[in-house]
Amino acid sequence: MNTQAQRWFPNSMPAPLVDAHTHPWWQACTEHRLTAQHCKQCHHAHIPPAPICSECNSSELELVTLNGRGILYSYTAVHQAVSPEQTLPFIIAVVELDVGGTACRNSVRLMTNIVDAEPAALRIGDQVRVIWETISEYVSIPRFMLVKQGE
Amino acid sequence: MHKYGTTSEHLGKIAVAFRKHANRNPRAVMKDKPLTLEQHQQSRMIADPFRLFDCCMENDGACAVVITTEERAQDLARAKQRARVEIVATVQGAPKGYSFGSFTNANIPDEIYATGGTEQMANRLWNNADLKPLDVDVAQIYDHFTGSVLMQLEDFGFCQRGEGGDFIDSGALHWDGGSLPTNTSGGSLSEAYMHGLNHVLEGARSLWGESCCPVEDARVCLVTSAAGVPSSAILLRGH
């Protein structure tokens with residue numbers, strides 16, 4: 001399966017707004033690496049990346065690569081198009097990301113989309129995994145899909 | 001809804017109550033458009049569980065509030081033969097980790113995720129004013145969406161956490177006989193979307209006895225700003 005070619009949202013959707021602090025996070029996305037900001041002082045994990053740790057104010061921060069798995073924390077099915085070319089409904093979700101294998105002391109949530117799923121099939125607590133939507137050579141966006149049994 | 005079993009009908013009853021109030025208000029955009037729970041349930045879905053009538057309107061308009069010294073207010077009140085409206089207490093703020101709240105921040109603490117995020121602020125308001133929820137005669141609660149009204153009713157202590165649905169079922173929000181007449185002008189859902197300043201005006205009107213949905217002997221009015229984002233609230237008292 002050529003995941004590079006998979007698209008769920010039209011190009012007319014708003015592009016991510018990138019700033020100096022979030023640029024490295026989006027840069028990792030272009031390499032299809034889902035990351036979280038990890039504080040080297042207190043091991044707090046945070047998304048989006050910020051100039052200082054929200055827990056201990058340290059500026060000794062790094063991005064750590066996550067395994068791309070997570071749990072569906074909350075979601076909604078949106079029936080109102082943002083772009084006229086869009087397929088409706090689409091799902092906006094909050095995914096609680098697995099930080100296993102990193103030094104992070106807390107899990108961290110990401111607002112994202114669930115793709116390739118009917119809203120009625122979703123349950124809070126479902127296991128999900130990241131799948132990348134490559135918009136251009138400069139922008140890839142992490143979406144999520146349900147983990148199938150045995151996956 | 002996942003946590004407490006709140007239903008779309010609970011949300012619909014909020015919209016229906018406020019529309020009933022707007023139908024008595026000549027300034028209301030929805031003055032001549034009644035709304036039934038059935039119509040609410042049949043309205044198109046916007047973002048589940050919010051249907052069309054769970055969302056506030058978009059409209060043009062203007063309103064203003066004049067705030068002055070107690071002495072000047074007394075003179076004006078006498079001249080207008082109106083009650084003087086005192087700002088008893090004001091608060092603003094957001095809980096730790098909130099930034100833009102549940103609207104944009106996926107990482108607000110789990111224990112306040114399914115709330116309006118205004119409980120701590122509400123507690124400060126009650127303390128600063130030396131008043132309690134039971135002292136409130138009428139409320140103007142920011143209603144960009146029906147669900148945020150339900151969560152603020154819980155945040156401000158008018159009912160227990162998770163019991164907002166039952167509170168609404170009791171008819172509490174209705175001006176005629178409800179235990180907490182709320183958004184007596186119709187609010188953002190049915191009067192006008194003036195970003196909440198119309199709630200402040202209606203707060204004053206309800207204490208002047210000039211509301212289209214008057215609450216008899218109303219002395220204390222709560223006015224809140226939005227849930228789900230950094231917020232603010234005021235307590236008004238009529239003299």
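How many helices and strands are there in chain A? I counted one helix and eight strands. I took helices (H or I, at least four residues) and strands (E, at least two) as DSSP runs, numbered from the N terminus.

**Entry 1. Conventions.** I noted that this is a predicted model, in which local features need pLDDT of at least 70, side-chain atom pairs count only at pLDDT 80 or more, and totals for chains, interfaces and linings use all residues. Residues are numbered from 1 along each chain as its sequence is written, while chains are lettered from A and ligands numbered from 1 in the order in which they are written.

**Entry 2. Chain A as a whole.** Reading from the N terminus, I recorded the elements of chain A as α-β-β-β-β-β-β-β-β. The radius of gyration of chain A is 16 Å, close to the 15 Å from the globule rule for 151 residues, so chain A is as compact as a globular protein of that length. The radius is taken over C-alpha atoms, and the globule rule is 2.2 Å times the number of residues to the power 0.38. Along the principal axes, the C-alpha atoms of chain A fill a box of roughly 45 × 30 × 30 Å.

I then looked up burial, and 25% of the 151 residues of chain A count as buried. A residue is buried if 20 or more other C-beta atoms lie within 10 Å of its own, exposed if 12 or fewer, and partly exposed in between, with C-beta atoms placed from the backbone. For contacts in chain A with a separation of 6 or more, residues 24 or more positions apart account for 54%. Two residues are in contact if their C-beta atoms, placed from the backbone, lie within 7 Å.

**Entry 3. The open sheet of chain A.** In what order do the three strands of the open sheet stand? I read the order as E2-E1-E3 in chain A, with antiparallel pairing. Strand E2 (45-46) and strand E3 (61-65) of chain A are at the edges with a single partner strand each, so one side of each has no neighbour in the sheet. Two strands pair if DSSP finds at least two bridges between them. Strand E1 (residues 35-39) of chain A pairs with E3(A) in the antiparallel sense over five bridges. I noted A:Val64 in E3(A) as the bridge partner of A:Ala36.

**Entry 4. Strand E5 of chain A and its partners.** I found strand E5 (residues 90-97) of chain A mostly covered, with six of its eight residues buried. E4(A) and E5(A) run antiparallel and are joined by eight bridges; A:Ala77 stands opposite A:Ile91 in E5(A). E5(A) and E6(A) also run antiparallel, and seven bridges join them. There, A:Val94 has A:Met111 of E6(A) as its bridge partner.

A:Ala93 counts as buried, with 26 C-beta neighbours inside 10 Å. A:Tyr75 lies 18 residues away from A:Ala93 in sequence, yet their C-alpha atoms are 4.0 Å apart. Not counting residues up to four places away in sequence, A:Ala93 touches several residues, among them A:Leu72, A:Thr112 and A:Phe144.

**Entry 5. Where the chains meet.** The contact between the chains takes 14 residues from chain A and nine residues from chain B. On the side of chain A that touches chain B, strand E4 (69-78) and strand E6 (108-114) of chain A each supply at least two residues. E6(A) gives the most to that side, with four residues.

**Entry 6. Helices of chain B.** At what angle do helix H1 (residues 8-22) and helix H7 (residues 146-155) of chain B pack? I read an angle of about 95°, with the axes 9 Å apart. H1(B) is therefore roughly perpendicular to H7(B). Angles under 35 degrees count as roughly parallel, over 145 as roughly antiparallel, 65 to 115 as roughly perpendicular and the rest as oblique. Axes are lines fitted to C-alpha atoms, for helices over the stretch in contact, and angles run from 0 to 180 degrees between N-to-C directions. H1(B) makes the contact through B:His10, B:Leu11, B:Ile14 and B:Ala15, and H7(B) through B:Thr146, B:Gly147, B:Val149 and B:Leu150.

Also in helix H7 of chain B is B:Met151, which is buried, with 23 other C-beta atoms within 10 Å. Leaving aside neighbours within four places in sequence, B:Met151 is in contact with B:Thr115, B:Gly116, B:Gly164 and B:Ala227.

Last, I checked helix H3 (residues 70-80) of chain B: of its 11 residues the number buried is zero, so the helix lies largely in the open. B:Gln81 follows H3(B) and has a positive phi, near 50°.
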